[in-house]
Amino acid sequence: MIRLIDNKLDPIINGMTTMKQLLTITFLLFTATLCTNANANNNTGACCYTQDCNTFDCIETTEANCYSMLGSFRPSESCANIDCSDPANQDYGACCYQDATGGSCIYTDELECLNNFMGVWHQGILCGCISCDTNDPWGACCYLKNCEYWVCEEMYQSDCYNMFDGTHWANKMCNEIQCPSSDLGACCVEDIDGGMICYYIKENDCATYGGIWYEGLPCKCEPCMPTTGVCCYIDNCESHCGEMTEQQCNTFFGSTYFPNDTCATVACPPQDETFGACCYNDPDLGMICIETDMYNCDALLGNFYGGIPCECAPKCVNSESCDVIPSPNCVGPPQYPYPDYTIFGNGTMGAQTASPSIDGGSVLMLFDLNGPPLPLPVGVNLDPYIYNHPSWAGTGNDLGSIFGLAIDEDGNIYVSTTKTWNGGDPVGIGGWGAIYKIDTNDASISILATLPMPNNESGLGSLTYDCEHSQFFATSFEDGLIYRLDMNGTILDSFDHGPAYDSSIGGPVAFGDRPWAVEVHGNRLYYSLWNGNKNGAGSTPNEIWSIGLDATGTPIAGTEHIEITMPLYGNYNWSSPVADIDFSPTGTMVLGERMQTSITALAAHEARVFEYECTEGGWVQSINQFDVGVNGTDAAGGVDATDEYVWGSGDSLEFGPDYIYGFQGMPITGGTILNSVLVDYQGNVSSWTEDKKMLGDLVITTSIGNETGACCYVIGCDWACVTNTSQECSALLGTYYPNLGCADINCPNLEFGECCYWEADLGQMCEYTDYLTCTNTYSGTWYQGFPCWCHDCEPPPVTGACCYMADDGTMDCTIVTYTQCTQLSNWDYLGNGSTCANAICCAPVGACCILGDCLLASSEQCALAQGTFAGNGVLCNEILCEFCTGDLNNDGVVNVADLLLFLAAWGTCP
């Protein structure tokens with residue numbers, strides 16, 4: 001039953017009121033007219049009432065007097081038997097609800113508050129003692145107590161936010177919510193150092209990190225201390241027992257984890273042989289190995305090796321795995337503005353590495369191979385234009401000792417450090433694990449990457465640029481790994497052909513585990529294995545292997561197999577290792593040997609150039625013979641193949657009267673020095689003593705880069721398109737589409753773009769990724785093609801459920817921000833994070849005329865107060881309420897009924 005109208009009638013609390021106010025209260029707020037109850041002045045009992053906001057008292061009085069004191073009446077009871085300080089003994093309290101003026105308060109019982117006003121009831125509290133301010137609403141607060149358990153108490157929003165991890169529901173009671181209130185929790189993830197880090201994220205997101213999730217707990221409550229136990233696993237094809245965390249254990253093949261145990265107390269069980277290596281013939285990749293169960297392997301018609309990983313299974317050999325496909329022509333020349341370089345013609349150009357000890361000291365040289373004269377002369381020194389930048393001196397203050405060489409389509413040159421010359425050459429600015437980038441525009445040197453060199457010993461092998469996947473592969477003599485790097489030099493992953501590297505032994509790795517040359521062909525990475533040399537014949541001849549690549553260019557474990565066993569040299573039991581691999585425009589494989597006698601010792605005159613062609617039986621040596629130098633076996637390790645020539649680095653290409661040491665271009669059908677183009681490294685043919693055994697890798701470009709295409713690039717974070725060369729497009733940081741015009745593409749035609757998303761602990765984040773990852777993984781906003789700096793990633797607006805009155809007077813619910821909610825008619829914002837699914841919106845309301853005043857009420861409330869209802873959705877400022885002063889019961893006439901009402905209210909207010 002309603003006892004007192006909103007704050008606009010607060011004078012009643014203070015004692016006196018007008019007759020109009022009294023009668024308005026009587027008719028609007030009483031479901032039965034108490035003043036006409038004759039027994040109200042005769043019944044006596046205990047009356048619990050509120051003296052002030054914090055003091056509750058009891059008086060024995062009549063029922064009428066109790067109601068006038070806004071008390072709770074207990075007929076025939078004495079104050080000695082009632083504890084009025086207990087809110088449970090209070091029948092009435094403040095009801096906070098929303099009307100046209102905003103937050104209002106009515107003193108009434110709980111049922112009336114919840115059902116008629118859709119308000120929040122505060123038992124035993126007077127309206128003057130509570131704020132119904134919507135900016136600091138009252139409601140349920142769920143918070144974590146002592147980081148142990150969740151509790152719910154009803155309080156103001158501002159007080160809730162001061163509680164530990166408190167979440168507030170405006171105008172909700174604790175019995176309407178369930179703690180913990182959030183779908184977030186602490187996610188403990190192991191970092192690369194074996195420690196634990198904590199993220200406050202959703203359970204599904206935690207699973208993507210491989211973490212352990214604690215529902216509802218914030219990170220400050222969960223220390224994420226890793227627990228250890230026993231891990232039984234297979235490593236290096238042997239069974240092991242180790243004590244580690246469960247996350248670490250899960251990284252091993254066939255692992256079984258026993259928490260809180262030690263290897264002294266656990267006997268590792270035998271491996272489950274229903275899961276293991278499966279070797280089968282894939283229609284695209286050939287014979288490959290995957291790890292699966294025996295049933296899937298049977299379905300693939302594969303050979304199953306239970307209980308062991310792919311690296312421990314017999315090799316999957318498929319002699320028909322090679323493909324006859326042309327090598328992609330994605331090598332472009334540099335764009336240096338220097339006069340010694342700009343005189344080069346617009347055609348073929350060569351690049352070669354050399355020892356820092358070579359005559360002149362330049363470790364890198366560029367050669368103009370365009371003529372004149374044309375055709376290029378054979379059997380004599382071509383004596384072309386040459387170019388070397390002053391910083392390529394190989395003194396140790398720049399590039400130092402290098403061998404491996406690669407060039408991308410924009411003309412950037414990449415070289416790798418080596419110790420294979422004679423071990424005493426100086427190391428460059430990046431150390432023995434360095435790969436350098438030489439800029440296409442100004443020849444400046446920067447360190448692209450530094451590969452691990454645990455004992456700082458052995459240097460690198462070689463490298464290749466994979467233009468199909470925009471990445472690099474590089475080999476290391478130190479640990480025997482083949483590293484995969486992105487265009488920024490970041491190590492993406494690595495592949496180990498042989499046993500794991502033992503840092504206690506140090507490098508170089510042993511024969512059979514020492515990859516050197518690398519080259520991508522089709523969907524496979526080809527690599528040479530250095531298994532022996534002249535002074536160290538290995539148990540196995542030198543070999544060429546390959547491993548399958550997936551769509552991203554990542555090596556597929558278990559797909560490696562041997563392609564070629566290199567022929568021995570003459571009648572000896574050894575051959576020189578292959579230092580370079582290239583594929584010709586017709587799809588043949590060209591190999592260049594380099595005569596090493598150890599990792600740091602080099603010889604000459606017993607190394608060859610071979611060509612292999614793909615047949616139904618695999619790679620077979622072609623009938624074409626390529627004789628380098630006067631002996632035919634003077635190869636120095638570098639090879640390249642173009643439409644007209646097979647090029648090879650070599651010593652003694654002519655030995656008197658000129659002494660030519662550099663590289664040789666042989667006809668694609670085979671050749672000798674008599675029908676080959678001969679190029680001396682630095683143009684000095686008067687001596688050979690400072691050139692022998694000092695020539696390295698070789699790359700030939702076929703164009704200076706005058707081709708044009710469409711270039712998509714960003715100007716002030718707006719996309720533009722221009723037709724230019726690939727080098728010009730690269731300078732704009734654009735994406736180049738060769739041989740296409742701007743009308744042929746739609747900028748940005750890119751797979752990746754800016755993804756703005758919200759991270760609970762870190763705030764607004766940005767990731768350069770694809771659309772599906774942005775929307776599915778991060779639930780973010782994607783901007784195709786744009787880098788992260790182009791858009792301000794603003795945090796998402798805080799929203800909640802908003803009850804409001806629609807145009808037809810009915811109440812509806814929508815999810816909006818608090819500010820948006822306040823712009824709606826008769827609004828009631830249910831709190832941040834609330835949803836319409838759980839919202840209880842008030843009944844339709846409209847203008848109700850009572851004794852000349854207008855209030856917003858439902859039709860039922862207006863009828864109970866004997867008012868005149870103007871209709872759902874009608875506002876008070878849209879009507880005029882007429883009032884007859886003497887018509888106290890609002891029945892349209894002044895008669896004895898009105899007089900009785902007046903007499904019933906006669907007297908002074910208590």
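Modeller: A disulfide is here a pair of cysteine sulfur atoms within 2.5 Å, and in this predicted model the count by that rule comes to 20 disulfides. One of them joins cysteine 330 and cysteine 467, whose sulfur atoms are 2.1 Å apart, and with -80 degrees about the S-S bond this link is left-handed. The pair connects distant parts of the chain, 137 residues apart, since cysteine 330 sits in the loop between strand E19 (303-306) and helix H9 (339-342), while cysteine 467 sits in the loop between strand E27 (460-466) and strand E28 (471-476). Both cysteine 330 and cysteine 467 are buried.

Another disulfide is formed by cysteine 187 and cysteine 206, with 2.1 Å between their sulfur atoms, and its 80 degrees about the S-S bond make the link right-handed. Cysteine 187 belongs to strand E11 (residues 184-190) and cysteine 206 to helix H6 (residues 203-208), so this pair ties together parts that lie 19 residues apart in sequence. Cysteine 187 counts as buried at 0% relative accessibility, and cysteine 206 is buried with a relative accessible area of 1%.

Cysteine 241 and cysteine 263 are also joined by a disulfide, S to S 2.1 Å, and because the torsion about their S-S bond is about -105 degrees, the disulfide is left-handed. Here cysteine 241 lies in strand E15 (residues 238-245) and cysteine 263 in the loop between strand E16 (253-259) and strand E17 (275-282), 22 residues apart. Cysteine 241 is partly exposed at 32% relative accessibility, and cysteine 263 is partly exposed with a relative accessible area of 27%.

Key: Residues are numbered from 1 along each chain as its sequence is written. This is a predicted model: local features need pLDDT of at least 70, side-chain atom pairs count only at pLDDT 80 or more; totals for chains, interfaces and linings use all residues. Side-chain values use heavy atoms; hydrogens and water are left out. Helices (H or I, at least four residues) and strands (E, at least two) are DSSP runs, numbered from the N terminus. Buried means under 20% relative accessible area, exposed over 50%, partly exposed in between (1.4 Å probe, protein chains only).
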